[in-house]
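Here is a quick tour for anyone meeting this structure for the first time. Have a look at the sequence and the model, then read on.

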Amino acid sequence: MCGIFGFVAAQNRHTSEVLTGLKFLEYRGYDSWGIAVAKDGEVESEKKTGAIAQATTRLPDSTAALGHTRWATHGGVTEANAHPHIDCKGRFAVIHNGIVENYHELGARLRPGHIFLSQTDTEVLVHLLEEEIECETDLLKALLTVFRQVEGLSAVAVLDAHTGQVAVAKNGSPIALGWADGAVYLASDANALLDHTRRIHFLDDGNAAALTPDGIRVYNAQSGQPIIPEVRNVTWDVRHSGLEGHTHFMSKEIHEQPRVLREIAERKRAEAVALAQVIGEARDVYLIGCGTAYHAAMQGRYLLAELGGKSSTVAAASELNLILPLLDADSLVVAFSQSGETIDVLEAAREARGRGARIAALVNAEGSALDRMADLSVLLGCGPERCVLSTKSYTAKLAILHMAARGLVGEVERGAAEVHDAGFRLESLFEREAKQGTIRDTARRITDHQHLFILGRHRNYPLALEAALKIKEVSYLHAEGFAAGELKHGVIALITHGTPCLILAPDDDFRHEALAAASEVHARGAFTVGFSPRPESEFDVTLPVSCSVSAPYEISATAQLLAYELALLRGCDPDKPRNLAKSVTVK
Ligand code: AGP
């Protein structure tokens, strides 16, 4: 949650660099933003509510600047609550990602007289620093004294206008540091630094850094001891990180999936075999994730069982406590996460490791905390995902698990061929939609409803949950996915005339039960949309999905497009849904 970007340079640099960095980071929070620069020994700052969009900054160029884009946790969305927060003397500017859980107690430690301008948990930090600097003149040491008092997961950065230095301390929220010619940088996501440098260090939890015109010094935040940072030369392919002619990242990333699936089939066989090996060796396997990643884990359970003959247990990462006592050295936890920074996933993986379990990760963000902590990290390789909604990273997880499941029975090539074929089937699905607009027309017939139900049987059940999540997240239409077998046990009471019901009925051995459920809701007046290889009398509309092996990819892409069209029709921003952020780094 929240995006942090900043630099320290030997010569003045354009403050617009910070704005560009923050724009890249907006997927982390976009309810308000702010920038501070050091100018003639004073902090000059600018704060605004709303997304950055085409905003420019009136702040002067400078040798040191810090910026922040916010996802509010404490204090409403106002300019006063936007970061940075400035001390009473105008010397320090503090920005923060995370939660200061004990901010009331910390506030009580201050001398009287400080003027608080916001309702945030963060502002107390800059006033504590204001007092601390009186007895400790070294910026980083002063920050560490304050940081050690903070309870909760946080990354805190401070700009000192007197020295033109920046200091940062981290425990939980991601910080990447970058070395460029004549300047050093920090950001919440290394991708935001790639316009300036590829020489990156990922600050570990419990560490801190001082950024000066001479470079970056890294320290252990507890002991204060210096650390030699591991600087990576990141080679990430960011060729496809722009909009590429699309209006929204959601549409662009949905339409990238054919290429992504084919590339995974061609390039990720070795990783799939390695994943199959650790899964095969484990006595018991646990698949965990949050949100869409949790739905991918649920789908993974079917893939491993049906294609690889391996049973596994699925859990939402925030609910792993139940399983923890069962874990030991013969257990494998496979953690699913696009960002690799989702706090519930990281904590669950750490707890599991504490019980001796091995950790495998399916993660998109290279260099993320999960990528660095896993025993086996399989990178999805689908490029930066900038829309808050996960689309391509979801099908990429399914594809790698599909190949690994086939790999469990020595058929990784067959898995790769099936994933490759699914890439082509998605291509023709998108071409057909571009010509016929069936999904767009279906959205028009649904958009005025407040409730919608999605029925899926067996392996189509997690697909129904994921389709519902996509529609909820981006169009705010209350969509509920459920196991079709549960229909008559309650949900059918909600079906009245015209209630939209999506029925997932690909050509598999559960199709007849799906059709039975379709006729039961149809009989009660529902408007039925069949995800089906052919029209049926039970369906008012049919959205074609071809053969069964690629059905999960086609059903997912069709539901993603439907959600996108509903968002446009309902005037919602597909890339920045309200109240959401791309990676959830606070509890
Ligand atoms: C999905 O569209 C959402 N953005 C959200 O549910 C997401 O999947 C969840 O927060 C997990 O994120 P992760 O994959 O980065 O861990």
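## Ground rules

Two strands count as paired if DSSP finds at least two bridges between them. Helices (H or I, at least four residues) and strands (E, at least two) are DSSP runs, numbered from the N terminus. The model is a predicted one, where local features need pLDDT of at least 70 and side-chain atom pairs count only at pLDDT 80 or more, while totals for chains, interfaces and linings use all residues. Residues are numbered from 1 along each chain as its sequence is written, and side-chain values use heavy atoms, with hydrogens and water left out.

## A seven-stranded sheet

Let's start with an open sheet of 7 strands, in the order β5-β6-β7-β8-β12-β13-β14 and with antiparallel pairing. Its edge strands are β5 (85-86) and β14 (226-227), each pairing on one side only. Within the sheet, β12 (residues 207-212) and β13 (residues 215-220) run antiparallel and are joined by 6 bridges.

T212 is a handy landmark here. T212 belongs to strand β12 and stands opposite G215 in β13. With a relative accessibility of 7%, T212 counts as buried (buried means under 20% relative accessible area, exposed over 50%, partly exposed in between, with a 1.4 Å probe and protein chains only). Apart from neighbours within four places in sequence, T212 is in contact (heavy atoms within 4.5 Å) with V8, Q165, V184 and R217.

Helix α3 (residues 123-132) lies across β5, β6 (92-98) and β7 (154-160), and runs at about 140° to β6. For such angles, axes are lines fitted to C-alpha atoms, for helices over the stretch in contact, and the values run from 0 to 180 degrees between N-to-C directions.

What about helix α4? In α4, 7 of the 9 residues are buried, so this helix is largely enclosed by the rest of the structure. The buried ones are L139, L140, A142, L143, L144, V146 and F147, and they pack against β6, α3, β7, β8, β12 and β13.

Strands β9 (residues 176-180) and β11 (residues 199-202) pair in the antiparallel sense over 3 bridges, with G178 opposite I200 in β11. β11 also pairs in the antiparallel sense with β15 (residues 232-233), over 2 bridges; there, R199 stands opposite N233.

Strand β18 (residues 331-337) runs parallel to β16 (residues 284-289), joined by 5 bridges, and parallel to β19 (residues 358-363), joined by 6 bridges. D284 stands opposite S331 in β18, and S337 stands opposite V363 in β19. Is β18 covered on one face or both? Both: S331, V333, A335 and S337 are buried on one side, and L332, V334 and F336 on the other.

## Around the ligand

Which residues come nearest to the ligand? Of the 15 residues around the ligand, S337, Q338, S339, T342 and E473 come nearest (a residue is near a molecule or strand if one of its heavy atoms lies within 4 Å of it). E473 brings a polar side-chain atom to 2.7 Å from a ligand oxygen.

In helix α13 (residues 438-446), the buried residues are I439, T442, A443 and I446. These residues sit on the same side of α13 because they cover an arc of only 105° around the axis, the arc being that of the directions from the helix axis to the C-beta atoms. An α-helix has 3.6 residues a turn, so residues three or four places apart point the same way. Packed against the buried residues of α13 are α12 (412-436), β21 (451-456), β23 (500-504), β24 (527-532), β25 (541-544) and α16 (551-569).

Note on methods: Polar contact = N/O pair within 3.5 Å; in protein donor to acceptor, adjacent residues only side chain to side chain.
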